[in-house]
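Thanks for coming, everyone. Let's take a quick look at one chain together.

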Amino acid sequence: MSGGGDDLAALHAVQAELSRALALTQRVLHYAADGIYGLDAAGRVEFANPAAVRITGYEQEALLGGDQHALLHGRRRDGSPYPVEECPVWRAIRSGQTVTATDEVFWHRAGRPVPVELIAVPTVEDGVITGVVVSFRDLTDRLVAGAQAAELRRLEEQAAAERALSDRLQQALLTPPPEPDHLHVVVRYRPAAHHALVGGDWYDAFLQPDGATVLVIGDVVGHDSNAAAAMGQLRGLLRALAYDNDEPLAATLTRTEHAARGLAVTALATVLLARVERRPDVPVLGTRTLRWTNAGHPAPVVLSPDGTSRVLDTRPDLMLGVDPDARRTEHSIELPDDSTVLLFTDGLVERRGSDLDEGTARLRAALGDLGGVPLDELCDTLLARLVPDDRADDVALVALRTYPEDRPRPPEAGPNRLPEGID
């Protein structure tokens with residue numbers, strides 16, 4: 001009697017364990033993200049989990065008892081018939097071997113193909129194949145993400161190619177500055193950080209036939225190869241028109257804008273054009289004059305040897321490319337010996353979340369202990385202090401320092417470098 005009771009208890013324990021296993025299996029099937037359905041040996045659907053219903057659009061009532069291949073899998077991606085003997089699910093049933101497929105489509109009830117990867121696992125009882133369990137995953141989001149990633153890579157490669165082309169153009173145009181007697185000119189150009197778009201920043205420095213030193217800093221609106229090309233065209237026009245005349249600088253900018261429009265150079269640009277010259281009515285040892293005109297560009301800064309600085313903050317005129325007949329003005333100040341003039345593009349001072357006034361204040365603070373350091377060191381230190389590694393914009397900088405004419409050129413300034421024909 002007791003033996004029969006033990007057997008009954010053991011049977012109940014087995015039944016309870018099977019019930020728990022079945023409940024766990026049902027819970028897994030219910031909450032699994034992958035679609036799961038079971039087929040009998042004839043390929044008819046015996047069960048389908050909620051994910052299979054969601055992915056295929058067919059309710060369980062429409063799936064159960066239906067021919068899986070005819071219902072979901074009978075057409076290829078292009079809509080042509082898919083022979084059942086080539087179907088991975090049927091191959092698993094026939095061979096008794098697990099079959100995986102990574103490039104299949106199931107046809108949604110709405111008539112659209114759903115890309116899937118699947119694994120078909122045969123069920124075998126007493127050596128007989130009784131059906132197959134198919135687990136499948138909807139690849140739509142993955143394929144969309146892959147296509148987006150591929151497009152992003154393509155755009156990045158295109159941007160990198162444009163960046164490289166524009167950088168080569170800029171490097172070809174951003175020539176070394178002249179080194180006239182008792183003046184020292186230093187230039188710097190820093191491209192935007194990796195993957196950032198190319199800008200149209202440029203600088204120029206050259207001597208006129210009478211020995212005056214011309215400085216230019218500019219920035220074409222836009223961040224692509226077109227901006228870089230327009231930069232090169234404007235730079236060339238301005239250099240050619242400013243080289244061999246002593247007309248007011250404002251008139252040179254006006255002529256440049258008219259020439260650009262006539263030659264179909266369609267670009268918006270800010271430009272600051274400056275000239276350092278001796279006053280004609282004073283001896284050679286007299287002070288120099290800085291003249292400039294500003295077409296919408298950040299104002300230049302003059303630094304004294306003691307670290308004090310002055311922003312030449314006149315009201316800027318209209319940027320180039322808007323109205324070729326806009327009124328333009330010229331300004332001038334006297335430059336004492338050992339003064340430093342800084343011309344720069346907005347990448348040096350503008351930061352996200354702050355305005356130009358705050359950026360200019362940061363610049364002046366950064367210059368406070370640099371009034372007497374060599375000009376190359378000043379430029380490098382200034383860039384290190386103000387320009388972040390992840391900069392989103394190009395930076396161009398031109399610095400000029402005046403030296404007394406009754407003393408030899410300082411060694412830190414290096415030798416004179418003059419164009420041929422200018423003494």
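One term before we start: buried means under 20% relative accessible area, exposed over 50%, and partly exposed in between, with a 1.4 Å probe and protein chains only. Take Leu 318. Leu 318 counts as partly exposed because its relative accessibility is 39%.

Some ground rules. This is a predicted model, where local features need pLDDT of at least 70, side-chain atom pairs count only at pLDDT 80 or more, and totals for chains, interfaces and linings use all residues. Residues are numbered from 1 along each chain as its sequence is written, and side-chain values use heavy atoms, with hydrogens and water left out.

Now the overview. The chain has 10 helices and 15 strands. Those are DSSP runs numbered from the N terminus: helices are H or I with at least four residues, strands are E with at least two. Of the 423 residues, 45% are buried.

Back to Leu 318. Its place is the loop between β12 and β13 (331-335).

Next, helix α9, residues 356-366. Which residues are buried there? Gly 359, Thr 360, Leu 363 and Ala 366. Seen down the axis of α9, they fall within an arc of 120 degrees, so they line one face of the helix. That arc is taken from the directions from the helix axis to the C-beta atoms. The face turned away carries Asp 357 and Ala 365, both exposed.

What do the buried residues of α9 pack against? β11 (301-303), β12 (309-311), β14 (340-344) and α10 (375-386). Contact here means heavy atoms within 4.5 Å.
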